[in-house]
Amino acid sequence: MTKINLLKEKGMPLEKQVKSWHEIVKRPYNRELVDSYSRTRQILLNGIETESWFFKHSWVRMLDDLELKKVLVSIRRLEDMQQTTINWLAPHNQSVLDTTLGYEQVAVDLTAWLAQNEDDEYIKETFDFGLLEDYDHLYRYSQFAYLIEETHPDVILHNNTDVTIGRPTQFHHNCNALRIRKPYDKDKTSPKTKVNILTLISAEQQTHNFYAEHGFMYGNTDLKRLYAEICDVEEEHVTMYETLLPHNETLFEKWLIHEFTEACNYYNCYVDETDEKLKLIWEEMLSMEIEHLKIAAKSYEKYENKDPEAIIGDNVVMPCHFESQKEYVKSVLNKETNKRVDKNGTFNTVDKLDVDWNSYNIQKITGKDGVPSEQAINLSINSINRDIALADCELINNQAGLLEKSLQKDGVAPNTISVDKYKEIQKIKFEY
Ligand SMILES: [Fe+2]
Ligand SMILES: [Fe+2]
Ligand SMILES: [Fe+2]
Ligand SMILES: [Fe+2]
């Protein structure tokens with residue numbers, strides 16, 4: 001790949017970035033015709049904008065420098081306009097559950113891409129751990145998409161992402177302090193790793209916010225409870241990825257990394273996009289972000305008297321390439337469903353957990369009346385005699401085995417589907 005130094009590219013001047021309402025609200029894509037990975041790009045970029053907007057809000061609230069405040073509030077209003085344009089590319093007839101399947105497809109295929117492109121072993125391990133949890137969320141939500149809205153999950157996923165049991169959701173609930181990871185060393189970590197982490201934080205935070213704000217929109221208590229349960233896991237995911245960030249990165253460094261992350265994501269989406277209309281939007285947004293990046297770089301030079309390339313390097317990175325990750329996910333599934341975060345945040349297997357493991361307590365309290373994520377499968381069995389599972393026969397028939405490996409000795413909800421039940425339902429053919 002030829003080198004592209006975004007700081008040397010031409011950006012769109014700020015005064016040209018303010019748009020009319022007609023330009024801000026564009027025609028949405030078509031629910032049926034859009035490529036599943038165009039939808040994942042739209043979902044991710046929305047999260048990227050929200051993070052950039054909120055970062056500037058947090059900073060300005062703590063800032064006592066009028067000149068810098070003026071710059072930050074001007075740019076963040078543009079981030080806000082960008083966010084509206086992107087989020088509202090989703091059509092009105094894409095249901096909350098349709099969008100939810102899209103969110104979990106983002107989480108699975110994005111995390112798998114990032115894990116395979118991550119040079120730092122500790123961070124890669126963190127990504128792989130989160131991957132299997134979002135993979136299981138997709139499976140739980142797919143039951144309701146089918147049962148409540150009669151949507152075959154592949155209407156949204158286009159057969160790019162498998163739907164089977166992962167690490168069961170009821171085991172994602174931890175003492176949140178265990179999710180705290182060791183921060184990266186800001187002087188030794190590559191721009192690529194920094195962008196990868198901020199990209200994933202943005203995606204997970206957006207997923208959390210979407211569930212928090214939409215779970216109540218269904219008049220089905222089991223589904224509402226499932227949104228509440230998974231929303232809480234996304235909170236843990238934000239904690240897990242966010243704590244990889246070091247405390248000693250200055251706010252100017254953080255600003256640079258935010259604008260660089262935005263620009264890199266738009267660049268990556270622009271290169272990959274197959275929809276001509278969306279491609280033009282990503283291209284325009286990229287030119288806006290190049291200008292934000294240049295302003296952040298100038299401010300960094302002015303206030304800290306340092307070279308911005310020492311932080312972001314001199315080449316674009318590709319943080320969000322979407323392609324089917326079935327084989328990679330399967331390999332992680334076979335190795336890691338039995339992993340848990342143990343004391344001090346180290347990873348361990350279920351058979352080695354102490355009897356007084358910190359997370360048992362929260363699992364016992366939240367799951368004492370049964371967990372919604374198991375109820376989802378119970379409801380499918382009641383309705384069609386089996387679960388909704390989409391993958392090759394080998395993986396589907398391995399669900400009982402995967403469950404057996406991941407079961408804990410304690411903290412198991414009373415409504416958990418048994419290994420024997422999985423063996424029994426797997427014999428029944430799924431017909432749409
Ligand atoms: Fe932006
Ligand atoms: Fe998830
Ligand atoms: Fe997640
Ligand atoms: Fe920006």
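In which loop is the place of asparagine 305? Asparagine 305 sits in the loop between H11 and helix H12 (309-312), and the views below will take you there and to several other spots. This is a predicted model, in which local features need pLDDT of at least 70 and side-chain atom pairs count only at pLDDT 80 or more, while totals for chains, interfaces and linings use all residues. Residues are numbered from 1 along each chain as its sequence is written, and chains are lettered from A and ligands numbered from 1 in the order in which they are written.

**View 1. Two asparagines with a positive phi.** Asparagine 305 has a positive phi of about 55° although it is not a glycine. With 7 C-beta neighbours inside 10 Å, asparagine 305 is exposed (a residue is buried with 20 or more other C-beta atoms within 10 Å of its own, exposed with 12 or fewer, and partly exposed in between; C-beta atoms are placed from the backbone). Asparagine 159 is not a glycine either, and has a positive phi of about 65°. Look for asparagine 159 in the loop between helix H7 (154-157) and helix H8 (191-214); helices are DSSP runs of H or I with at least four residues, numbered from the N terminus. Asparagine 159 is exposed, with 12 other C-beta atoms within 10 Å.

**View 2. Helix H4 beside helix H11.** H4 (residues 66-87) and H11 (residues 276-304) pack at about 160°, their axes 12 Å apart. Axes are lines fitted to C-alpha atoms, for helices over the stretch in contact, and angles run from 0 to 180 degrees between N-to-C directions. The angle makes H4 roughly antiparallel to H11 (under 35 degrees counts as roughly parallel, over 145 as roughly antiparallel, 65 to 115 as roughly perpendicular and the rest as oblique). Leu68, Val71, Ile75, Leu78 and Gln82 of H4 meet Met285, Met288, His292, Ile295 and Ser299 of H11; residues are in contact if their C-beta atoms, placed from the backbone, lie within 7 Å. Seven of these contact residues are nonpolar, three are polar and none is charged (Ala, Val, Leu, Ile, Met, Phe, Trp, Tyr, Cys and Pro count as nonpolar, Asp, Glu, Lys and Arg as charged, and the others, Gly among them, as polar).

**View 3. Helix H8 packed on helix H9.** H8 and H9 (residues 221-242) pack at an angle of about 160°, with axes 8 Å apart. That makes H8 roughly antiparallel to H9. Among the contact residues are Ile197, Leu200 and Tyr211 of H8, and Tyr227, Ile230 and Val238 of H9. The contact of H8 with H9 has ten nonpolar, four polar and four charged residues.

**View 4. Helix H3 crossing helix H5.** The axes of H3 (residues 36-61) and H5 (residues 96-116) come within 9 Å and cross at roughly 90°. H3 is therefore roughly perpendicular to H5. The contact includes Arg39 and Ile43 of H3, and Tyr103 and Asp109 of H5. By class, five of the residues in this contact are nonpolar, four polar and two charged.

**View 5. Inside the largest nonpolar core.** Of its 98 residues, Leu110, Leu131, Leu256 and Ala263 touch the most other members; a nonpolar core is a set of buried Ala, Val, Leu, Ile, Met, Phe, Trp, Tyr and Cys residues joined through C-beta atoms within 7 Å. Helix H6 (residues 121-149) gives the most to this core, with 13 residues. Leaving aside neighbours within four places in sequence, alanine 263 is in contact with Leu6, Leu286, Glu289, Ile290 and Leu293.

Methods:
Helix = DSSP H or I, 4+ residues; strand = E, 2+ residues; numbered from the N terminus. Contact = placed C-beta atoms within 7 Å.
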